[in-house]
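Visitor: Hi! Could you walk me through this structure in simple words?
Guide: Happy to, let's look together.

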Amino acid sequence: MKEQMAFEKNVFNKTSRTDSEIAFFGGMTIVYKSSIDLFLYVVGSSYENELMLMSVLTCLFESLNHVLRKNVEKRWLLENMDGAFLVVDEIVDGGVILESDPQQVIQKVNFRADDSGLTEHSVAQVSLPRLILLLWSFLPWH
């Protein structure tokens, strides 16, 4: 856990002051995007195709943009965490990219939300750690 927190802090320090969208750090390829008070990161091995990682990030951002009603910021994300979990669950599973088209993700999320309703049980079934996704504004040292 300490190693992960140190990695996250180092990545944030390296990427927070630059306008680029890609970084290489610790043998990892990192693509990232910021929106108001939130930073979204997708991290892959150094062998991952940067364009595929960027496709996942773009899909994540656009899907969240829809779910959060064009308010991709910390407060809205916290209030709609269940929807954010469903978005991530539709994009990747166990590190495997399932979908990179935001319209497909939105359609599936809407279907799942309408079909069963979002409850604590359904949200608990969605596993955020399936994607190495770092939402930096939640970290206590930020």
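Predicted model: local features only at pLDDT ≥ 70, side-chain atom pairs only at ≥ 80, totals over all residues.

**Rings, charges and a covered helix**

Guide: Tyr41 counts as buried because its relative accessibility is 0%; buried means under 20% relative accessible area, exposed over 50% and partly exposed in between, with a 1.4 Å probe and protein chains only. Residues are numbered from 1 along each chain as its sequence is written, and side-chain values use heavy atoms, leaving out hydrogens and water.

Visitor: Where do Phe7 and Phe25 sit in the chain?
Guide: Phe7 is in helix α1 (residues 2–15) and Phe25 in strand β1 (residues 22–25), so to speak two distant parts of the chain, 18 residues apart. Helices (H or I, at least four residues) and strands (E, at least two) are DSSP runs, numbered from the N terminus.

Visitor: Is Phe7 buried or partly exposed?
Guide: Phe7 counts as partly exposed, at 21% relative accessibility, and Phe25 is partly exposed too, at 24%.

Visitor: And which way do the rings of Tyr32 and Tyr41 pair, stacked or tilted?
Guide: Stacked, because their planes are at 25 degrees; the centres lie 5.6 Å apart. Tyr32 is buried, at 5% relative accessibility.

Visitor: New topic: what's up with Glu73, which is buried?
Guide: Glu73 has no salt bridge, meaning a side-chain nitrogen of Lys or Arg within 4 Å of a carboxyl oxygen of Asp or Glu. Arg75, the nearest side chain of opposite charge, is 4.6 Å away; Lys and Arg count as positive and Asp and Glu as negative, while His and the chain ends are not counted.

Visitor: Where is Glu73?
Guide: In the loop between α2 (50–67) and α3 (74–79).

Visitor: Last one: how many residues of helix α4 are buried?
Guide: Nine of the eleven in α4 (residues 81–91), so the helix is mostly covered. Among the buried ones are Phe85, Leu86 and Asp89.

Methods
Phe/Tyr/Trp six-rings, centres within 6.5 Å; stacked < 30°, edge-to-face > 60°.
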